[in-house]
Amino acid sequence: MTRLSERSPMPSTILVANRGEIAARVIRTARDLGLRSVAVYSDQDIDSPAVELADDAYSLEGTTLQETYLDIAKIIDVAHRSGADAVHPGYGFLSEVPDAAQAVVDAGLTWLGPAADTIRQLGDKISARRTAIAAGVSPVPGTTDPVQSMQEVDDFVAAHGYPIVLKRSDGGGGRGIEVIRTAEDLKTFAAGHAMAGGDLDKFFMERFILSGRHIETQCMRDSHGNFAVVTTRDCSVQRRHQKVIEEAPAPFLSDEAVETLTTWSNALFDHTDYVGLGTCEFMLTEEGELFFLEVNPRLQVEHTVSEEVTGLDLVETQFTIADGGTIPEVPEVRGHSIELRITSEDPAKDLAPTAGKIKELEWPAGHGVRIETGVRLGDKVSPEFDSMIAKLIVTGPDRPRAIARARRALGELSIKGIATSTPVLDLIMAHPDFDGTNGHRDLRVRTRWLETSFLPDVDLEKLGQDSAAEEEGGIAAALRTFTAQIDGRRHKITLPESLASLGSMMQSGFGSLGEKGQELGSRSRRSQPRRGSRRRNGDGAPAAGAAATGESLTADGALQSPMQAIVVRMGAEPGATVNEGDVVIVLEAMKMEKYIHAPASGTIASIDVAVGQNVNAGDTLLHIDTADTADTAENTEEAPE
């Protein structure tokens with residue numbers, strides 16, 4: 001932590017430079033400790049739970065990240081106007097920006113995070129690799145300098161073979177990670193990053209670990225040099241390189257692995273004179289090798305599971321360290337804790353981020369169940385920010401009980417009005433690879449398991465029918481669920497919106513439905529998706545190439561945006577010839593990049609958006625003239641079908 005001086009007292013007023021569940025989390029601990037809290041908010045967050053929890057709240061006067069939570073000048077101004085003497089960045093946003101940390105300190109405030117110099121050493125992935133090597137810690141084999149040309153990438157492939165991974169040095173939260181398995185993947189990467197104005201020089205290269213577990217250590221170190229690992233965690237359930245489920249302690253680890261993780265983490269924190277909380281991340285291969293990945297110099301999303309199995313309040317620990325105090329003694333780990341990230345992603349649309357209004361909301365309760373959220377009934381989920389709307393943290397006396405309790409809690413959870421990932425989470429928890437009921441009697445999940453082994457066997461479209469998304473065109477937009485009593489037995493019945501009046505009659509108890517009602521109830525129950533349904537022999541599997549993306553051209557050759565997003569890169573210029581499947585534009589929505597491919601070969605007639613522009617679903621991105629290509633195809637002996 002960065003303090004004004006050794007004589008500085010514990011901060012009395014904490015400005016939380018964040019939003020959602022983490023802002024509420026920090027504010028609650030501040031209240032527990034008798035500290036005053038100040039919230040900041042974008043226009044759409046004015047009535048959010050975190051804002052209402054705070055003792056005071058100030059507008060950042062804007063709607064986008066750049067205008068609000070990423071504007072350090074505005075945040076410092078609010079801190080001075082509100083009388084705050086410390087800034088807590090939460091996670092994401094400014095938490096890993098060294099210039100922000102330095103600006104806060106230069107403004108005479110306490111930064112509740114590691115010092116700017118420490119963030120510079122560890123926040124950038126290239127610098128972190130160099131730091132690890134200097135500290136005697138082994139990173140994944142790769143480069144320690146930014147890529148300057150595609151020739152360098154070709155040479156790396158020639159030396160190491162496929163697959164490789166290119167990572168943006170400033171990436172985080174799953175962004176900026178490109179796995180290259182084939183020459184075609186390399187071509188796609190070049191189209192997305194090596195074009196004029198691209199970001200190739202932001203990347204470095206690593207050998208890609210084909211099968212490994214993502215293991216991390218929750219660490220803390222004070223200004224007196226005391227260091228401790230609070231717990232290990234496993235975060236191997238990932239999609240698009242973003243964590244989906246985390247648990248503590250990491251299961252099925254050998255004592256030797258735990259010892260190495262602790263030793264390496266201590267070396268990294270000592271080498272950088274790290275003061276505060278942070279997380280060291282590693283890859284554990286099938287062969288039992290450990291490799292360093294990165295250090296997150298901040299509080300992590302999944303810090304909650306470490307708290308649950310130790311009883312520590314890690315935000316309170318941050319305050320204590322900032323006051324010049326010593327880290328607390330770490331209690332012996334008790335039981336097992338699992339965190340499930342509840343995201344606004346639609347299973348019926350390949351788990352694409354969605355937005356909308358929450359019309360029904362019921363959280364689970366009971367022993368060992370903890371909810372961290374920044375939304376309430378009636379709130380609108382905005383596409384401007386992260387898709388995570390809540391964290392469900394479930395703790396039990398051991399891992400099997402924690403899993404059973406988590407599935408019970410998911411069954412109690414009800415969110416309607418917007419699609420969520422909860423049906424997928426339930427199936428993951430029940431899978432033998434995850435719950436340990438496999439032939440190996442251990443965790444068989446690896447970082448690519450969700451995408452390569454699990455999701456291909458799940459009919460996401462049917463799962464999406466339970467989500468009740470209200471987006472236009474959403475698969476469940478026209479379904480409503482009612483409770484009815486038929487011949488003395490209670491039933492849940494889902495009906496099309498057109499039959500909603502019949503459902504209301506059933507719910508109100510108008511008349512006995514008898515055999516007719518039983519028949520209707522049976523049909524309704526049969527129409528419900530079955531948990532764990534599998535696709536039949538590729539049924540519903542997308543075709544290769546551009547068709548797999550679901551993109552198509554309108555009659556006039558317009559390519560439309562599939563979602564509300566931000567344009568981040570162009571893959572082609574007006575007048576350029578593109579082939580079907582080529583990357584033509586890259587969008588970003590809720591921290592996830594989506595490559596938009598050409599649905600057909602042709603010439604780019606126009607580009608109708610600019611980099612940095614916000615687009616809505618259905619907005620025209622560009623036009624492709626396919627006339628010349630069609631003429632050529634007609635005159636070719638082996639014309640495509």
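This report covers confidence, strand pairing and helix packing in a predicted model.

**Confidence**

The chain has a mean pLDDT of 84. Of its residues, 82% reach 70 or more.

Strand S1 spans residues 13–16 and is covered on both faces. Thr13 and Leu15 are buried on one side. Ile14 and Val16 are buried on the other. S1 pairs with strand S2 (residues 36–41) in the parallel sense, and Val16 stands opposite Ala39 in S2.

**The eight-strand sheet**

An open sheet of eight strands runs in the order S13-S12-S9-S10-S11-S14-S21-S19, with antiparallel pairing. Strands S13 (290–296) and S19 (369–373) form the edges. Each has a single partner strand, so one side of each is left without a neighbour in the sheet. From one strand to the next, the twist averages 25°. H1 packs on this sheet and touches S19 and S21 (388–396). The direction of H1 makes about 110° with that of S19. Within the sheet, strand S9 (residues 212–221) and strand S12 (residues 276–285) run antiparallel. His214 has Met283 in S12 as its bridge partner.

**The four-strand sheet**

A further open sheet has four strands in the order S25-S32-S30-S27, again with antiparallel pairing. Its edge strands are S25 (558–560) and S27 (577–578), each pairing on one side only. S27 pairs with strand S30 (residues 602–607) in the antiparallel sense. Thr577 stands opposite Thr603 in S30.

| Strand pair | Sense | Bridges |
|---|---|---|
| S1 and S2 | parallel | four bridges |
| S9 and S12 | antiparallel | 10 bridges |
| S27 and S30 | antiparallel | two bridges |

**Helix H8**

Helix H8 spans residues 183–193. Leu186, Phe189, Gly192 and His193 are buried in this helix. Seen down the axis of H8, these buried residues fall within an arc of 125°, so they line one face. An α-helix has 3.6 residues a turn, so residues three or four places apart point the same way.

Conventions: Residues are numbered from 1 along each chain as its sequence is written. This is a predicted model: local features need pLDDT of at least 70, side-chain atom pairs count only at pLDDT 80 or more; totals for chains, interfaces and linings use all residues. Side-chain values use heavy atoms; hydrogens and water are left out. Buried means under 20% relative accessible area, exposed over 50%, partly exposed in between (1.4 Å probe, protein chains only). The arc is that of the directions from the helix axis to the C-beta atoms. pLDDT is the predictor's confidence in each residue, from 0 to 100. Two strands pair if DSSP finds at least two bridges between them. Axes are lines fitted to C-alpha atoms, for helices over the stretch in contact, and angles run from 0 to 180 degrees between N-to-C directions. Contact means heavy atoms within 4.5 Å.
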